[in-house]
Each structure stands twice: as structure tokens, then as C-alpha cells.
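Please open the structure in your viewer and keep the selection tool at hand. The tour below goes from one selection to the next and says what can be found at each stop.

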Amino acid sequence: RSPPAAPAPSQPQVSTMSKPVNQQQFDTAVGEDTVIILQGIKKAMVKSMTEALSIPHFGYYDEVNMTELVKLRKELKKSPMLGEVQFTYMPVMIKATSLALKDYPVLNSSLIGEDKVLQKAAHNIGFAMDSPDGLIVPNIKDVQNLSILEIAIELDRIVKLGQQRKLGQDDITGGTFSLSNIGSIGGTYAKPVILPPQAAIGALGKIQALPRYDEDDNLVKQYIMKVSWSADHRIVEGALMARFSNLWRSYLENPSTLILHMK
Ligand code: CAO
């Protein structure tokens with residue numbers, strides 16, 4: 001008598017139902033497994049993030065004392081110069097990035113082949129945006145020539161257009177360095193993925209009121225933000241990333257020094 005047949009390996013009951021999908025449809029409740037066809041921004045993310053995997057990422061983390069900036073923003077928010085423009089921390093962080101890039105231009109560059117680095121003159125600072133269609137990274141052009149107010153106006157314009165799915169090609173291409181303010185949603189540290197062909201990206205955590213010691217050893221309430229940098233270790237040494245981060249942090253911790261860089 002032949003032995004009983006081995007049970008057939010169980011097959012997942014995957015429905016072959018396929019459908020084109022955009023961002024909102026990901027959370028559609030279905031009673032069976034569904035194949036989702038990626039299109040547009042979602043499809044582009046597969047390509048760019050797969051490409052990013054070929055970059056050896058160096059991670060560097062620090063905390064920034066935002067106490068002075070929190071106070072300053074409260075005051076600046078009242079400025080009539082802002083009109084309807086929302087004034088968040090981003091314009092200051094974007095300006096501080098550009099100022100620090102002046103001293104560390106390799107972070108504003110791209111590796112070409114195996115032995116060339118294209119150092120870019122323009123500081124086109126990208127920012128990750130959680131848009132209705134998913135992750136987009138529009139950028140503010142020539143930040144090195146803009147005041148903080150001008151950056152705030154441009155950020156406001158881009159965010160509003162992004163929310164309405166109306167961003168033009170120019171706004172989403174040509175970025176040279178990126179920031180990802182994940183802290184506007186929550187969380188402290190992140191492990192940001194470099195957007196090729198850029199060389200670095202910084203993820204900004206939530207600004208939190210936390211106890212810290214002052215110089216007289218008193219415990220004081222301070223506003224702290226964690227920053228997580230990733231840099232392309234083929235062209236950026238860890239020491240350089242740390243020095244860049246120190247300089248960037250110093251602008252945010254002493255925002256009055258930014259006045260010296262106003263045009
Ligand atoms: N910590 C504490 N408060 C923060 C904060 C932070 N890190 N970031 C923003 N806030 C505050 C703002 O100051 C603002 O406060 P008020 O209401 O008092 O003005 C409020 O939160 C809302 O800010 P916002 O998010 O509308 O604006 P923003 O300029 O700070 O950020 C944008 C704009 C587009 C970066 C943000 O909306 C966003 O999409 N963040 C998500 C980025 C993301 O998805 N990253 C992951 C990428 S990898 O998948």
C-alpha cells in the first residue's frame with residue numbers, strides 16, 4: 001500500500017484582484033488579500049529608495065536645545081510681515097542648514113561615478129512632505145540667497161500647493177540636501193534615507209519640554225529636539241558630519257547669531 005500522499009503545501013489564498021491605487025486607497029478595508037498596483041509618487045518611491053540602498057549610510061545623532069528658538073518664534077509669529085503665512089520652525093532650520101553648508105559644501109554635492117564629486121553652488125533645500133499622494137520632497141531653491149522671511153513665504157506656498165496636488169515639476173526636482181521634519185507628526189529619532197543623488201539628509205524629531213542641567217547645575221525646563229543625520233559615507237567622513245551638525249546646532253541654539261547673516 002502506498003503511503004498517504006503528503007499534504008500539498010498550503011497556498012496563501014491571495015486574490016489576484018488587482019487594481020490601480022493611489023495613496024488614499026491603501027487603507028481600504030477588504031475581506032481578501034489584494035494586489036495593489038503602485039502608480040505615480042508611490043511607484044517613484046520604490047525606484048528612488050531602491051537606488052538609495054546602494055548608498056552606504058553613515059548615521060549621526062544629536063540633541064538641540066531649542067529653548068531660545070521656541071521663545072523667538074512666539075514673538076516672530078506675531079509679526080505683521082508674515083500676513084497669512086504660517087511661521088513654523090522649518091524656515092529657521094532650513095536657513096541654518098544653508099549657513100552650515102557654506103562651511104561644509106561636500107554635504108551639498110553628488111558623487112559622480114567612482115572618482116568625481118559635483119559640488120553644487122545652489123542650496124536647494126528639500127523637505128519631506130506628507131502629502132495626500134504620499135511622500136514628496138519638494139525643495140526651496142537658492143536658500144543661500146533668501147532671508148528667513150522669504151523662506152517662510154516659499155515654504156508656505158509649496159506646502160499649500162502640495163496639499164492641493166498642484167506642485168510643478170520645478171518644485172519637486174533639483175534638490176541638493178534634504179530635511180525631514182518627522183517631529184511634526186511625532187517621534188524623536190529616525191533613520192532617514194538619503195534621496196539620490198544627494199549626499200545627506202537630516203530627520204528632525206519632536207521638540208519636547210525636558211529637564212536639563214544649566215551651567216550652575218540647576219535642573220531647568222528646556223525645549224529639546226533630536227536630530228538624526230544620514231550621510232553618504234563614500235564621500236562624507238563621520239567627523240565632517242559631526243562638525244556640520246555642531247555648527248547647525250549652534251545657529252538654532254543661538255538664533256540671535258542668525259541676524260549676523262541677514263542680507
Ligand atoms: N516639534 C514640535 N512642534 C513642531 C515640529 C516639531 N518637530 N514641527 C512642527 N511643529 C509645529 C509647528 O511649529 C506648528 O505649530 P503651530 O501650530 O504652533 O504653528 C505645527 O507643529 C504644525 O506645523 P506643520 O507640520 O504644519 O509645518 P512645518 O513647517 O513644521 O512642517 C512639513 C511642514 C511639510 C514638513 C510637515 O507638515 C510634514 O509633512 N512633515 C512630515 C514629514 C515626513 O513625512 N517625514 C518622513 C519622511 S520619510 O518617509
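This is a predicted model: local features need pLDDT of at least 70, side-chain atom pairs count only at pLDDT 80 or more; totals for chains, interfaces and linings use all residues.

In soluble globular proteins, nonpolar side chains tend to be buried together.

Of the 263 residues, 40% count as buried, and among contacts between residues at least 6 apart in sequence, 60% join residues at least 24 apart.

Next, select helix α6, residues 238-253, together with α3, and look at how their axes come within 9 Å and cross at roughly 140 degrees. The two helices are therefore oblique to each other, and their crossing is right-handed. To see where they meet, show the side chains of Val92, Met93, Ala96, Thr97, Leu99, Ala100, Leu101 and Asp103 in α3, and those of Phe244, Leu247, Trp248, Tyr251 and Leu252 in α6. Sorted by class, this contact has 11 nonpolar residues, one polar and one charged.

On the α3 side the contact is made by Met90, Pro91, Val92, Ile94 and Lys95, while α4 contributes Ile148, Ile151, Ala152 and Leu155. Of the residues in this contact, eight are nonpolar, none is polar and one is charged.

From here, move to Ile140, which lies in strand β9. Is Ile140 buried or exposed? With a relative accessibility of 0%, Ile140 counts as buried. Leaving out residues up to four places away in sequence, the residues that Ile140 touches include Ile94, Ile151 and Leu155, along with His123, Asn124, Ile125, Phe127, Leu146, Glu154 and Ile158. If you also select Gly175, you will find its C-alpha 7.8 Å from that of Ile140, although 35 residues separate the two in sequence.

The last stops concern the backbone. Most residues other than glycine have a negative phi, and most peptide bonds are trans. Select Asp142, in the loop between β9 (139-140) and α4, where phi is near 50 degrees, a positive value in a residue other than glycine. Asp142 counts as partly exposed, at 32% relative accessibility. Then follow the chain past α4 to Arg165, which is found in the loop between α4 and α5 (169-172); the phi of Arg165 is positive too, near 60 degrees. At 46% relative accessibility, Arg165 counts as partly exposed.

Finish at Pro196 and Pro197, which are joined by a cis peptide bond with omega at about 5 degrees. Pro197 is found in the loop between β10 (177-180) and β11 (200-204).

Methods
Residues are numbered from 1 along each chain as its sequence is written. Side-chain values use heavy atoms; hydrogens and water are left out. Contact means heavy atoms within 4.5 Å. Helices (H or I, at least four residues) and strands (E, at least two) are DSSP runs, numbered from the N terminus. Ala, Val, Leu, Ile, Met, Phe, Trp, Tyr, Cys and Pro count as nonpolar, Asp, Glu, Lys and Arg as charged, and the others, Gly among them, as polar. Buried means under 20% relative accessible area, exposed over 50%, partly exposed in between (1.4 Å probe, protein chains only). Axes are lines fitted to C-alpha atoms, for helices over the stretch in contact, and angles run from 0 to 180 degrees between N-to-C directions. Angles under 35 degrees count as roughly parallel, over 145 as roughly antiparallel, 65 to 115 as roughly perpendicular and the rest as oblique. A crossing is left-handed if the near helix is turned anticlockwise from the far one by less than a right angle, and right-handed if clockwise.
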